[in-house]
Amino acid sequence: MTQEIISAIIVSVIAFFTVYVSTPFLIKGLEKRNFTVKDYNKKETTMVARPGGISIIAGILTSEFVLYGFFQINEILVVIITTFLAFIIGIIDDRKVMSGWFKPIALGAATIPIILFGAYDSNLAFPLFGEVTIPALYLGIIVVMIPITGNTINSIDVLNGVASGFMTIAGFALTTCLFIIQNYEIAIVSLPLGFVALAFYKYHKFPSKIFPGDSGALTFGGMYGALAIVGGVEIIAAIILLPAVINSFLFLSSMKRIVEHREIKAKPVEHTEDFNLKATTEKFAPVTLVRLILAGGPLSEKQVAHTIFKLTIFSSILGIISAFMMGVSL
Amino acid sequence: MRGSSIFIFIGMMWALLIVGGGIVVTILGPISITGYGDLNQMIASGIKAITAIILVIIWIVILSKMNKWIFHKEIKS
């Protein structure tokens, strides 16, 4: 047990400080090379460095490789490879304009290491009702899990600090759930996700100094999905992710097809005179979580972000309740 | 509270997931087919997969109805 506690502390510190220290250098480097994008939610023209996925993946890889020194288990390698593949897919999308189908298909392919290493249990566990064995169907779940988690985190990355703040809450909630169901090794493997997201939030929060980009959002989502599968907490992970799932669900159900944000003509949100955010009345604009939050009236960017965090805390509590319910059988 | 109906929506989604889990474990899980030799497991998996897809479609339809109801309510408030 002592080794587990020491390794948990070490990887947490490494994950946090790798991102905390490297991100300011990354911001300077990106700004120097003119890798910046306009922050459309600011009154004055503000250019923000992008992509921050580079420091995020650095924090995850460094801490997970150190952890592999403590525990030589396949699950760590699977999390490393899948997360790195998600990062590569994201960095391609950051640099080149890809079609709406590119990310789901490529992220589906990124699940191959999980299947090849056999780092999964084909029993799907549900709160209260126990497990169901679905070997063939479970392979399908693996293939769609990473595209879903990757794209949901990517789709919620619309305001300053939201993706990293969301992932900080969701990451720590997932770790807590893994501890509750006594899957201690994977709980430790999941610790870097929360700490990396927390360190990145320092620079991503309002007003952002850096954006994670697709590479950052897909790295977060890819790692989260991989942890859910190797930790056997697919349903709990989905519950924690519900605010982001709702966002994707609302978007898809209103657009009726997979489409990139840049392809959308009618915007769901516009600015008031004092540059607060308000929902548009555009009939063909997609319905999103932000638009739903703003339906009651205009709010500042910071207030919308805080509402999303409250929703994430709520879904995390439901996830933790569900983890306790795993030990109860009807 | 702002977005209170979204909290209700999340709570409903959670409840639907738990109930859906119950249906999957108690009805879908025990399905087994005999009399087709080596094809038994494949046929059983196919039936489970089709039933699971139907359940997901029902789940999406229920959520779509709830989404419309909640979104209209939110605009009016």
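The model is predicted.

**Where the chains touch**

In the contact between the chains, 28 residues of chain A meet 28 residues of chain B. On chain A, strand 4 (130-133), helix 6 (135-156), helix 10 (234-240), helix 11 (242-255), helix 12 (289-294) and helix 13 each supply at least two residues to the side that touches chain B. Helix 11 of chain A gives the largest share of that side, six residues. By class, the side of chain A that touches chain B holds 22 nonpolar and six polar residues, with no charged ones.

Chain B has two helices and zero strands. Of its 77 residues, 18% are buried.

**Two helix pairs**

Two packed helices are described by the angle between their axes and the distance between the axes. One pair joins the chains; the other lies within chain A.

| Helix pair | Angle between axes | Distance between axes |
|---|---|---|
| Helix 13 (301-325) of chain A and helix 1 (4-28) of chain B | about 25° | 10 Å |
| Helix 1 (2-32) of chain A and helix 2 (53-70) of chain A | about 155° | 8 Å |

Take the pair within chain A. The angle of about 155° makes helix 1 of chain A roughly antiparallel to helix 2 of chain A. The crossing of helix 1 of chain A with helix 2 of chain A is right-handed. Helix 1 of chain A contributes residues including Ile14(A), Ala15(A), Thr18(A) and Val19(A) to the contact, and helix 2 of chain A contributes residues including Ile56(A), Gly59(A), Ile60(A) and Ser63(A). The contact of helix 1 of chain A with helix 2 of chain A has 13 nonpolar, nine polar and no charged residues.

Now the pair between the chains. Helix 13 of chain A and helix 1 of chain B are roughly parallel. Helix 13 of chain A also passes helix 1 of chain B in a right-handed crossing. Leu311(A), Phe314(A), Ser315(A) and Leu318(A) sit on the chain A side of the contact, against Ile6(B), Phe7(B), Ile10(B) and Trp14(B) on chain B. By class, the contact of helix 13 of chain A with helix 1 of chain B counts seven nonpolar residues, one polar and no charged.

**The core**

The largest nonpolar core has 122 residues. Leu174(A), Val196(A) and Leu227(A) have the most contacts inside it. Helix 8 (184-204) of chain A gives the most to this core, 13 residues.

What does Val196(A) contact, leaving aside its neighbours within four places in sequence? Its partners are Ala15(A), Val19(A), Ile56(A), Gly59(A) and Ile60(A). Ala15(A) and Val19(A) belong to helix 1 of chain A, while Ile56(A), Gly59(A) and Ile60(A) belong to helix 2 of chain A.

Conventions: Residues are numbered from 1 along each chain as its sequence is written. Chains are lettered from A and ligands numbered from 1 in the order in which they are written. This is a predicted model: local features need pLDDT of at least 70, side-chain atom pairs count only at pLDDT 80 or more; totals for chains, interfaces and linings use all residues. Axes are lines fitted to C-alpha atoms, for helices over the stretch in contact, and angles run from 0 to 180 degrees between N-to-C directions. Helices (H or I, at least four residues) and strands (E, at least two) are DSSP runs, numbered from the N terminus. Angles under 35 degrees count as roughly parallel, over 145 as roughly antiparallel, 65 to 115 as roughly perpendicular and the rest as oblique. A crossing is left-handed if the near helix is turned anticlockwise from the far one by less than a right angle, and right-handed if clockwise. Two residues are in contact if their C-beta atoms, placed from the backbone, lie within 7 Å. Ala, Val, Leu, Ile, Met, Phe, Trp, Tyr, Cys and Pro count as nonpolar, Asp, Glu, Lys and Arg as charged, and the others, Gly among them, as polar. A nonpolar core is a set of buried Ala, Val, Leu, Ile, Met, Phe, Trp, Tyr and Cys residues joined through C-beta atoms within 7 Å. A residue is buried if 20 or more other C-beta atoms lie within 10 Å of its own, exposed if 12 or fewer, and partly exposed in between; C-beta atoms are placed from the backbone.
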